[in-house]
Amino acid sequence: MKLVPIEQIDIPTIKQFKESFNQTQDIIHGANQLQRSKDINQWLRDVTILKTKDYKQSVQTTHYALINNLGEMIGISDVKHHLTPYLQKEGGHISYSISPTYQGKGYGTLLLKETLKKAHTLELKKVLLTCKETNIASKKVIENNQGIYQYTIVVNQSKVDHYLIHLDNNNYIM
């Protein structure tokens, strides 16, 4: 398994990943609207531009793909370099998804761990992660990566849990 910048992934591989979610109706988190995109080439150009955006224009974001030994894309994640007031409520610094085919096998924990290492290289000292209170799988992924529960708030009639992960320990230094 390896985590690579999304720009290194070919269009057919991204398309196959996207289609794995269409079959189950699951939402792809950490993918900047990949699910709604009609043109994956344009989507890839858009997320590549997000890496260099000025914070005042939009949230500077870097996207990654988790690739297995067969070259299949089994997960996607993003790191927001800064938080807007909205992201402080819901979204946080990192979002991620594992293909439904690979869920429940520990890949979410691995994806978040590797993404936290990337966040550390961006000089983030701590990251905020959020998930719906009912998302038990995401809670486990966050807690498996030393996430410390902070509090729960209501956003759009949903309870959202907030966790902090400190990146100044050796687990996230590359």
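**Aromatic pairs and their surroundings**

A: The structure, which is a predicted model, holds three aromatic pairs, where rings of Phe, Tyr and Trp (its six-membered ring) pair if their centres lie within 6.5 Å, and planes under 30 degrees apart count as stacked, over 60 as edge-to-face and the rest as tilted. One of them joins phenylalanine 17 and phenylalanine 21 in an edge-to-face arrangement, with 5.1 Å from centre to centre and 65 degrees between the planes. Both residues belong to helix 1 (residues 11-22), where they sit four residues apart, about one turn of the helix; helices (H or I, at least four residues) and strands (E, at least two) are DSSP runs, numbered from the N terminus. Phenylalanine 17 and phenylalanine 21 are both buried, a word that stands for under 20% relative accessible area, while exposed stands for over 50% and partly exposed for values in between (1.4 Å probe, protein chains only).

Another pair is formed by tyrosine 149 and tyrosine 163, again edge-to-face, at 5.7 Å centre to centre and 75 degrees between the planes. Because tyrosine 149 lies in strand 6 (residues 148-155) and tyrosine 163 in strand 7 (residues 158-166), this pair ties together parts that are 14 residues apart in sequence. Tyrosine 149 has 43% relative accessibility and therefore counts as partly exposed, whereas tyrosine 163, at 2%, counts as buried.

As for how to read these values, residues are numbered from 1 along each chain as its sequence is written, and side-chain values use heavy atoms, with hydrogens and water left out. In this predicted model, local features need pLDDT of at least 70 and side-chain atom pairs count only at pLDDT 80 or more, while totals for chains, interfaces and linings use all residues.

With a relative accessible area of 66%, asparagine 156 is exposed.
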